[in-house]
Amino acid sequence: MSTRAITRLNSNLSRAIKLQNTRRVHTYHAKPLAVSHRSIVARPSVGAQRRAASNIPEDFDLDQQIPTTNRTKVEDVSPNPFPEPSNLNDAVDEAGTNWAHSFHGLSVSPFPKEITDILLTPIEPADIEIKPDGLIYLPEIKYRRIMNRAFGPGGWGLAPRGEVNVSARVVSREYALVCLGRLVAIARGEQEYFDPAGIATATEACKSNALMRCCKDLGIASELWDPRFIREFKSKYCVDVFVEHVTTKKKKKLWRRKEDKFDYPYKDDTASRDQSLDLSGPKIREKLIAGGDFSIIDQKIVRDDKDAISGSVLGWTQREDVHLIITTGGTGFSPNDVTPEAINDLLERQAPGLVHALLSASPKAVLSRPIAGTRNGSLIITLPGSPKAVTEGIDALLADGVLEHALTLLRGADSRKLHSHNEMRQDVPRHSSQASHTHGHDPSNRTPHEHHHCAPKPRTQIADAAIPLVSQRARQSPYPLISLQEAYHRMHTSISALSQVRCKVDSKLRGHVLCEPVVGEHDIPRSPSSNVDGYAVKSTQGPGVYKVILSGQHPFSEPISEDSIYRINTGAPLPLGADAVIMVEDTQLERASTVDDKDEEGEELEVRTLAQVELGENVRRTGSDVKKGEMVFEKGTIIGSTGGDIGALAFVGKSEVRVYRKPVVAIMSTGNELLDIDEEAASTDNQWKSWDCNRPILKTLLEALGYDVIDMGIVRDRLDDHQKAISSAAERADIVVTTGGSSMGTTDFMKPVIERLDGEVIFARVKVKPGKPTILAMLPDRGSGSRPLFCLPGNPASALVT
């Protein structure tokens with residue numbers, strides 16, 4: 001453990017310094033200091049006596065711990081008019097208060113309103129700073145300014161309440177905050193140091209740290225300790241970004257205010273701060289103007305921040321003069337590449353065909369994560385940031401009029417007429433374009449498109465053109481990977497309920513979904529009833545022998561007599577006057593009828609009760625099971641198949657309920673390798689075939705839920721066969737479920753088929769295992785609605801779990 005010394009400037013100053021080693025802490029009281037022309041140093045006693053008292057090793061040199069070059073030179077120091085006593089117990093103010101121990105004035109009364117208003121004024125967000133590690137704070141000088149406004153300069157101060165503690169790495173000291181002669185708060189200030197020469201500075205910093213902690217008790221900047229305020233402030237005013245060290249090229253994530261920037265040696269978002277470094281934006285402008293009928297109406301460069309990107313794009317989608325939005329950069333795998341995530345949340349419809357075209361444009365395109373889709377009549381496309389990738393991507397979009405065709409369809413043109421040259425030229429307007437490196441046009445600048453010839457174009461649908469060759473197929477899915485909860489949310493918001501029907505409450509009701517709540521129409525039980533088999537009695541009747549009244553012998557409207565009890569079964573209502581039930585086990589037979597009696601032979605005539613029951617014992621109160629108007633089943637409840645739900649409906653007197661019609665589900669399996677279990681393999685076929693077990697699995701599962709199932713069989717791996725089978729299934733069923741063809745295989749045709757059928761992909765990848773490549777798409781039907789298409793993985797375990 002190294003020895004510490006504190007440099008001070010007052011000749012009459014004395015200090016108590018604590019030094020700590022690995023075994024103990026020693027306290028020294030320094031003698032009054034002498035002024036020298038070199039430095040003033042608080043030292044313990046010298047020589048062997050000091051070493052013996054402090055347990056300092058013999059080979060330890062104090063002077064080596066305080067280099068001469070770091071000592072403070074003083075030319076002229078006058079005596080301190082307010083010397084600090086060597087013992088804090090002797091420190092008193094003019095009023096005789098020793099703040100080292102006193103609690104004078106603590107919580108006597110609140111400060112006046114004018115002072116309180118200053119102290120509790122919410123801090124301005126502009127005054128708050130954030131450290132690179134994410135800690136927000138208010139600079140110390142701003143605490144002092146608030147204190148001066150509240151109490152006036154000289155109206156407050158910090159008084160030490162203990163000695164300075166110096167450990168191996170930290171200096172600490174306890175202070176009391178005194179305001180207008182009253183103790184307000186006590187806090188221990190702490191400060192790290194890394195070199196013995198920094199102990200003096202760390203000691204002063206302890207005071208600042210204690211001040212900020214004491215101010216928390218006064219309510220000053222107390223928001224900085226509120227977790228909710230911290231989260232909201234950082235979300236609104238701060239950002240954590242990856243920065244690069246200029247020299248080492250290492251990257252790390254640091255916090256800063258959104259309007260600030262990192263100085264040397266770090267750099268981030270260079271293009272957003274120096275537009276001359278943006279090389280991809282001009283490439284887009286050049287390519288669009290030269291290769292298409294576009295004009296530019298806006299361009300922005302934004303930092304790598306999800307909110308900033310989505311905010312800019314969202315603003316453009318709300319303008320009527322914007323038809324195309326192109327972004328560049330932020331589509332890679334770097335942690336600060338967030339453009340796909342920012343754009344994906346905005347898209348109303350995905351455009352996977354355009355994404356496939358972009359991925360096929362360059363061998364290195366597989367290292368990017370492009371995304372495309374539409375929102376509010378605008379087509380949004382993301383491109384990588386390099387000029388070469390931008391050039392290749394724009395060329396792929398402009399080739400064969402793909403981009404122009406897409407924009408025309410987006411504006412409501414008839415795709416069948418687009419192949420007629422004259423009609424296409426009448427329908428196609430000039431297009432506007434914007435981007436985070438953005439391009440667009442103003443409708444007021446439109447001029448007639450006078451070209452009379454065009455290159456021959458294939459008459460196949462644009463979706464087919466987007467299907468690349470096997471060697472050029474995408475190596476990564478263009479669809480975002482979403483959570484299971486997000487998939488549920490999209491499913492619930494995309495699929496509409498079926499029509500409503502009335503069903504009887506019987507076994508056929510299982511599996512149906514209630515379309516209205518079920519409430520109790522009256523109290524159950526309607527009157528007090530028995531919980532057990534026994535005898536209804538008055539709780540005032542003690543043990544004894546009583547006549548037995550049978551249910552058929554006594555009118556309900558008349559009370560039972562004091563010498564009688566009423567035999568009752570479980571669930572039966574209590575007669576008038578009875579308020580408890582004694583169990584059969586607590587009675588014994590006294591007298592039974594014989595052949596000579598008028599009653600049936602062996603009937604109970606008298607019974608002895610062996611105990612006295614309390615008021616309400618073994619009695620079900622009125623409405624104790626269900627009260628009138630109480631909710632029994634909520635809307636949307638699925639009626640189970642175990643019988644309990646149907647029994648509950650019967651219990652409350654429901655004979656019929658309104659439910660949603662059960663969907664008819666069409667199922668099919670896809671793949672050339674599959675063989676139906678009912679078929680025999682051809683003897684000449686030497687290729688291995690797999691028995692299709694997906695359809696039997698799904699059919700059993702769905703029929704167990706009470707759904708009608710249409711088995712569409714096995715569909716072979718041909719695009720036209722897929723389209724024909726899914727179209728037929730969608731016409732016959734309410735829901736279509738397929739297995740296989742949903743992943744990244746060369747014959748996985750589900751996504752192209754969805755495009756052919758003008759369907760919309762709701763999601764195509766879910767964070768579940770197994771079942772990751774599950775697809776939900778909505779297919780338009782002949783009416784105004786749509787039908788859901790679920791494409792499950794081909795693996796039987798995945799299909800069953802999903």
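**Strand pairing, with its surroundings**

Modeller: Start with confidence. Within the protein chain, strand S2 (residues 16–20) has the lowest confidence, with a mean pLDDT of 33, while strand S27 (residues 580–583) has the highest, at 94. Keep in mind that this is a predicted model. Across the protein chain the average pLDDT is 76, and 74% of the residues score at least 70.

Two stretches call for care.

Now to the strands. Strands in a sheet pair through backbone hydrogen bonds, and the pairing can be parallel or antiparallel.

Take the sheet of 3 strands. Its order is S20-S32-S21. The sheet is open, and its pairing is antiparallel. S20 and S21 are the edge strands, each pairing on one side only.

Look at each pairing in turn. Strand S20 (residues 500–504) runs antiparallel to strand S32 (residues 656–660), and 5 bridges join them. You can trace this residue by residue. Lys504 has Glu656 of S32 as its bridge partner. Cys503 stands opposite Val657, again in S32. Next comes strand S21 (residues 513–514). S21 pairs with S32 over 2 bridges, in the antiparallel sense. Here Val513 faces Tyr660 of S32.

The order is S36-S33-S37-S40-S39-S38. This sheet is open too, but its pairing is mixed. On average, neighbouring strands are turned by 25° against each other, direction ignored.

Zoom in on one pair. Strand S39 (residues 775–780) and strand S40 (residues 786–792) run antiparallel and are joined by 6 bridges. Leu779 stands opposite Arg787 in S40.

Helices pack on this sheet. Helix H17 (residues 694–704) touches strand S33 (664–670), S36, strand S37 (735–739) and S40. The direction of H17 makes about 165° with that of S33. Helix H18 (residues 719–732) lies across S33, S36, S37, S39 and S40. H18 runs at about 170° to S36.

Helices also meet each other. Elsewhere in the chain, the axes of helix H3 (residues 140–151) and helix H4 (residues 199–217) come within 10 Å. Those axes cross at roughly 55°. H3 and H4 are therefore oblique to each other. The crossing of H3 past H4 is left-handed. From H3, the contact uses Glu140, Tyr143, Arg144 and Met147. From H4, it uses Ser208, Leu211, Met212 and Cys215. By type, the residues of this contact are 5 nonpolar, 1 polar and 2 charged.

To recap the part you asked about: S32 pairs with S20 over 5 bridges, and with S21 over 2 bridges.

How values were computed: Residues are numbered from 1 along each chain as its sequence is written. This is a predicted model: local features need pLDDT of at least 70, side-chain atom pairs count only at pLDDT 80 or more; totals for chains, interfaces and linings use all residues. Side-chain values use heavy atoms; hydrogens and water are left out. Axes are lines fitted to C-alpha atoms, for helices over the stretch in contact, and angles run from 0 to 180 degrees between N-to-C directions. Helices (H or I, at least four residues) and strands (E, at least two) are DSSP runs, numbered from the N terminus. Angles under 35 degrees count as roughly parallel, over 145 as roughly antiparallel, 65 to 115 as roughly perpendicular and the rest as oblique. A crossing is left-handed if the near helix is turned anticlockwise from the far one by less than a right angle, and right-handed if clockwise. Contact means heavy atoms within 4.5 Å. Ala, Val, Leu, Ile, Met, Phe, Trp, Tyr, Cys and Pro count as nonpolar, Asp, Glu, Lys and Arg as charged, and the others, Gly among them, as polar. Two strands pair if DSSP finds at least two bridges between them. pLDDT is the predictor's confidence in each residue, from 0 to 100.
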